[in-house]
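Subject: A structure for you to look at, with notes

Dear colleague,

Please find below the structure that I promised to pass on to you.

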Amino acid sequence: MLFGKKPKALDPVDLAQLPQHIAIIMDGNGRWARRRHLPRSGGHAAGAETFRNIATYTKEIGLHYLTVYAFSTENWKRPKDEVDAIMRLLRDYLDEALRDMEKNQIHMAFWGDLSPLDPELRALCERVEFTSRKYDKCNVHICLNYGGRDELLHAARGFAADCAAGKREPGELTEALFGSYLYTAGVPDPDLIIRPSGEQRLSNFLLWQAAYAEFYFTDVCWPDFKKEHLLQAIHAYQLRQRRFGGT
């Protein structure tokens, strides 16, 4: 299901008019596994492979920014074995990213509070981000221990601390200045947010940044999400008129 005209599988996509920034809520791993009588970890493993494929494909077509919702601040409530499996998959992916970095040339960054992560995993995230900083044509942001409300609190506390230190005045605050305190500072807001799995909600994802984003929902679970589904979402986006509150 989507907002707007449903594109045919072979509808053309204008690669010269891509959205600048696509964000994806990678949803449906558990549902996918349950339908196949697999453990939830099997769904997460399949979802990780989908992420590899989609990230590579977005680079191939020239997308500048891709953001994915990998692990939310609420996901710690899941069973420990499931959380551990997700973290192992992340570690494997980051090891692979370091190994293939020169070939892929993708800048990777992490948005969220990494402090609760295992110190070795946190250090690996920091190493990947630091090592890939020289690449800027394709930027992949992984939201890890991320929540939109938590991000807003983090930004508000940062601004308040600067005011208390005499670096800022409360009256200086504007939308642009507040944006500089967000994890996403310096990155354009998403033009298109995609959610697989049939659910139709933001789930605490990029609450500030999603103000004028276009949305695309599909019943396809994330492990089954292919490049043709991405192209359908982009085509649907290209059929819309974005007014940003105007006429």
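The radius of gyration used here is taken over C-alpha atoms, and the rule for a globule is 2.2 Å times the number of residues to the power 0.38. For the 247 residues of this protein, that rule puts a compact globule near 18 Å, and the protein has 18 Å, which agrees.

Before going further, please keep in mind that this is a predicted model, in which local features need pLDDT of at least 70 and side-chain atom pairs count only at pLDDT 80 or more, while totals for chains, interfaces and linings use all residues. Residues are numbered from 1 along each chain as its sequence is written, and side-chain values use heavy atoms, with hydrogens and water left out.

**The whole protein**

Along the principal axes, the C-alpha atoms fill a box of roughly 55 × 50 × 35 Å. The protein contains 8 helices and 6 strands, where helices (H or I, at least four residues) and strands (E, at least two) are DSSP runs numbered from the N terminus. Their order along the sequence is β-α-α-β-α-α-β-α-β-α-α-β-β-α.

Of the 247 residues, 49% count as buried, a word that stands for under 20% relative accessible area, with exposed meaning over 50% and partly exposed lying in between (1.4 Å probe, protein chains only). The protein exposes about 12900 Å², of which carbon and sulfur atoms supply 51%; such areas come from the Shrake-Rupley method with a 1.4 Å probe, and for residues only the protein chains shown count as cover.

If a contact is taken to mean heavy atoms within 4.5 Å, then, among the contacts with a separation of 6 or more, 76% are between residues 24 or more positions apart. As for charge, there are 33 positive and 33 negative side chains, and the centres of the two sets lie 5 Å apart. Here Lys and Arg count as positive and Asp and Glu as negative, while His and the chain ends are not counted; each charge is placed at NZ of Lys, CZ of Arg, CG of Asp or CD of Glu.

**The strands**

Two strands are said to pair if DSSP finds at least two bridges between them. Strand β4 (residues 139–146) is largely enclosed by the rest of the structure, because 8 of its 8 residues are buried. Strand β2 (residues 65–72) runs parallel to β4 and is joined to it by 7 bridges, with S72 standing opposite Y146. Strand β3 (residues 107–111) also pairs with β4 in the parallel sense, over 5 bridges, and there M108 has V140 as its bridge partner.

Strand β5 (residues 192–195) has L192 and I194 pointing one way and I193 and R195 the other way, and all of these are buried. Strand β1 (residues 21–25) pairs with β5 in the parallel sense over 3 bridges, and I24 stands opposite I194. Strands β5 and β6 run parallel too, joined by 4 bridges, and the partner of I194 in β6 is Y216.

Within strand β6 (residues 214–217) you will find E214, which is buried at a relative accessible area of 17%. Beyond its neighbours within four places in sequence, E214 is in contact with D191, L192, I193, Y237, R240 and R242.

**Some single residues**

Most residues other than glycine have a negative phi. H37, in the loop between α1 (29–35) and α2 (40–61), has a positive phi near 55 degrees, and at 74% relative accessibility H37 counts as exposed. Q105, in the loop between α4 (101–104) and β3, likewise has a positive phi, of about 50 degrees, but Q105 is partly exposed, with a relative accessible area of 36%.

In the helices, F130 belongs to α5 (residues 119–131) and is exposed, with a relative accessible area of 52%. From C-alpha to C-alpha, F130 and G158 are 23 Å apart in space and 28 residues apart in sequence. Q232, in α8 (residues 227–238), is buried, with a relative accessible area of 18%. The C-alpha atoms of Q232 and A97 are separated by 27 Å, the two residues being 135 residues apart along the chain.

With best wishes
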